Every structure is written in structure tokens, then in C-alpha cells.
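Let's take a walk through this one together, strand by strand. Keep the model open and follow along.

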Amino acid sequence: MAALCSVRRNRGPSRGAACRTRQRAWKFVVSAWILAVVCAATSLADERAGELRLIVSDASGARLQASGKLLNHGSRFMLELKTNAEGEYTARKLPFGTYELVIERAGFARLDTLVTIRSEIPVRLAAVLRVTSRAESITVNDGATTVLDTTNTGTAYVIGKAALQKRLSSSPGRELIDVVQAQPGWIVEANGVLHPRGSEYETQHVIDGIPTLDNRSPAFALGRDIEDVQSVKVYTSGIPAEFGRKLGGVIETVSERNPPQGLHGSALLGGGSFNTQNGYLGASYVGGRTAFAMSGSGSHTDRYLDPPVQENYTNSGTTTALTTSVERDLTQKDRLRLTLRHEQ
């Protein structure tokens with residue numbers, strides 16, 4: 001009997017250890033499954049944007065460092081570019097459409113061609129620059145070939161970085177609202193609530209491919225910093241099915257994805273009536289396959305909501321936002337991007 005009890009004692013801990021091992025294994029399987037689902041959901045986020053991978057060389061095949069720009073005259077989108085020492089440049093998150101690509105380098109003839117972006121599959125383009133000849137010619141191009149957008153079944157308006165930088169100043173929290181309101185089919189009411197085509201609450205925001213269904217008016221959430229945005233695309237019809245539930249209108253914003261090589265920074269200060277002040281400070285560094293960016297903004301005004309009501313006693317508002325992003329090209333087909341944003 002003593003031997004039997006001894007055997008049972010030995011089996012007890014053995015079974016408990018096996019049970020704990022199975023529990024750890026199940027936890028690992030469940031965690032891996034959840035991670036796979038999150039990664040799959042992230043990979044399915046559709047920004048309806050493409051990518052151009054450019055290689056510049058001379059007639060002998062030697063790589064050249066050159067500068068240029070991408071233009072879409074129809075959507076007023078413009079992107080300035082500069083290749084690295086290996087003659088390579090990648091333009092990310094380009095709205096679908098036809099672009100005029102201009103490449104220039106001293107001692108070489110200017111290259112002017114058209115590039116069509118119609119899917120998320122990267123477009124690879126090898127641009128060959130020819131040595132400048134003595135004969136000169138003038139080419140007049142009104143950009144008519146890039147005005148017509150044949151990639152969308154409905155009407156969509158794209159506002160590029162150049163147009164966003166030339167916008168009129170806005171009250172704190174209303175930069176994006178004022179940009180969207182200037183497009184056809186949108187009206188705004190008290191407290192900055194946007195209504196597409198007269199719809200009450202059917203506005204959906206898509207931020208870097210992730211749909212959000214929250215109310216983004218100043219009374220409920222901070223607006224996006226336009227200085228951190230590369231492009232804004234507004235739909236009022238022909239809305240892509242992947243955008244989901246709120247289909248009165250869609251506002252799609254894409255963060256800055258094409259900063260120039262090296263270290264760059266910018267600072268903005270502003271002010272106005274109703275004791276309004278705002279400031280923005282941003283910096284970015286691009287080296288090789290890695291891009292790092294950080295920005296911060298703050299604002300204050302004594303007329304944050306519109307119109308102010310007597311019951312508020314005060315209508316002042318203060319906002320702060322901090323954004324950090326890191327992007328790394330792991331391979332030619334894989335890219336990792338991490339973005340952290342804090343708003344108050």
C-alpha cells in the first residue's frame with residue numbers, strides 16, 4: 001500500500017506539469033492566432049494608393065542622382081523627388097491616376113513622360129537620361145493628358161501637398177474641415193459637423209487605410225494636422241466597397257510618406273482674433289531604407305466651438321498632439337511601418 005501511495009504521489013506532479021505545459025501551448029497557439037488575425041486585418045487595409053519605384057541612369061547604364069517631380073494636373077497633386085546616389089527613388093501612397101513625371105540633371109536632357117498608377121502593385125520605371133545635344137527645342141504641355149481620371153467610377157477630389165500648404169488659415173481643430181468644405185457636395189454646420197450631400201451623420205474618415213466611424217467634429221475629436229498629411233481624397237459618389245458602413249461621404253487622408261533624403265525640419269507659428277495661437281514643429285530623417293519622423297502641435301483659442309453659448313461660461317479650448325512614425329523597407333516586397341499618435 002505504501003508503494004501504491006508512493007506511485008500516486010509521483011504521478012500527481014507529473015500530470016500537473018503536463019497540464020501546465022498544455023495550457024502554455026494553448027496560450028501560445030491562441031496568441032499566435034490573434035497575431036495572425038491582426039496582421040491579416042492590417043494587410044487588408046486598402047488605401048487605394050499605388051507606388052512608383054524609379055531608377056535613373058545614363059545611356060551606358062550608370063546610375064545617376066537626379067531630381068524631378070510627379071504632377072497630376074487634374075487632382076492638383078504634386079510630389080518633388082530626388083534620387084539617392086544609386087539613382088533610386090520610391091514614391092509611396094500615390095492616389096490612382098495618370099501622372100506627368102519630370103526628371104532633370106545638369107548636363108542631361110530633361111525627361112518628360114507619363115506614368116499611370118492604377119493598382120497597389122508597385123510600378124517599376126527605368127528612366128534613361130540622354131546627354132544634352134546642341135539643338136534645343138521647346139515642348140508645350142498643358143497637362144490635359146493627366147486631367148481625366150479613368151480609374152474611378154464616381155467623382156473623387158484629391159488635394160495634394162502643394163495645395164494643402166497654400167490653404168487659408170483655419171481655427172484650431174478645423175484645418176481638415178475647411179479643406180473638405182471647399183469641395184463640392186459638402187456643407188458644415190455648428191461645431192464643425194460635416195454633412196455630405198445633405199446627409200446627417202454618414203461621414204466616414206479613413207486614416208492611412210484604416211476606416212474610423214467616430215464623429216470627428218471639433219466637439220468630439222481633434223482634427224488631423226494638415227502639415228503631416230501628404231494628400232486628402234474626398235468621395236461623394238462611387239465610394240469603394242471596402243470603406244464599409246457610412247457611405248454618405250468618405251474623407252481619406254494619407255500621412256506624409258515621401259520625405260526627402262537626409263534631415264529636414266519645419267516650424268509654423270500663427271495667431272488671430274479670439275486669443276487664438278497655434279504652433280507646429282516637425283522633423284524627419286531618411287537614410288537608406290529607414291525613415292523616421294516626429295512632429296508636435298499645440299493651439300489655443302477662446303472660440304473653440306461655434307457658436308458659443310452663454311451656458312458654457314467659457315468657450316476656450318486647448319489642443320495638443322504628438323506623432324511619431326518609423327518606416328523600414330525590409331525587402332523589395334515587405335515594409336514595416338509603426339505610427340504612434342497622442343491627442344488631447
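Which residue in strand 14 is the bridge partner of Tyr 235? It's Val 250. Before going further, a word on the ground rules: this is a predicted model, where local features need pLDDT of at least 70 and side-chain atom pairs count only at pLDDT 80 or more, while totals for chains, interfaces and linings use all residues. Residues are numbered from 1 along each chain as its sequence is written, and side-chain values use heavy atoms, with hydrogens and water left out.

Strand 13 (residues 229-235) pairs with strand 14 in the antiparallel sense over six bridges; pairing here takes at least two DSSP bridges between two strands. Strand 11 (residues 203-207) runs parallel to strand 14 and is joined to it by five bridges. Val 250 turns up here too, as the bridge partner of Gln 204.

Now look at the open sheet of five strands, which has the order 15-16-17-18-19 with antiparallel pairing. Strand 15 (262-272) and strand 19 are its edges, each pairing on one side only. Inside the sheet, strands 17 and 18 run antiparallel and share twelve bridges, and Phe 292 has Val 326 in strand 18 as its bridge partner.

Those two residues also belong to a nonpolar surface patch, along with Leu 263, Tyr 285, Met 294, Leu 322, Leu 338 and Leu 340, with about 790 Å² of accessible area together. Strand 17 (290-301), strand 18 (317-329) and strand 19 (335-343) each give two or more residues to the patch. To qualify, residues need over 30% relative accessible area and no salt bridge, with nonpolar side chains (Val, Leu, Ile, Met, Phe, Trp, Tyr) joined within 5 Å and like charges within 9 Å. A salt bridge is a side-chain nitrogen of Lys or Arg within 4 Å of a carboxyl oxygen of Asp or Glu. Areas come from the Shrake-Rupley method with a 1.4 Å probe, and for residues only the protein chains shown count as cover. Leu 338, in strand 19, is exposed at a relative accessible area of 52%.

Key
Helix = DSSP H or I, 4+ residues; strand = E, 2+ residues; numbered from the N terminus. Buried < 20%, exposed > 50% of the residue type's maximum accessible area, 1.4 Å probe, protein only.
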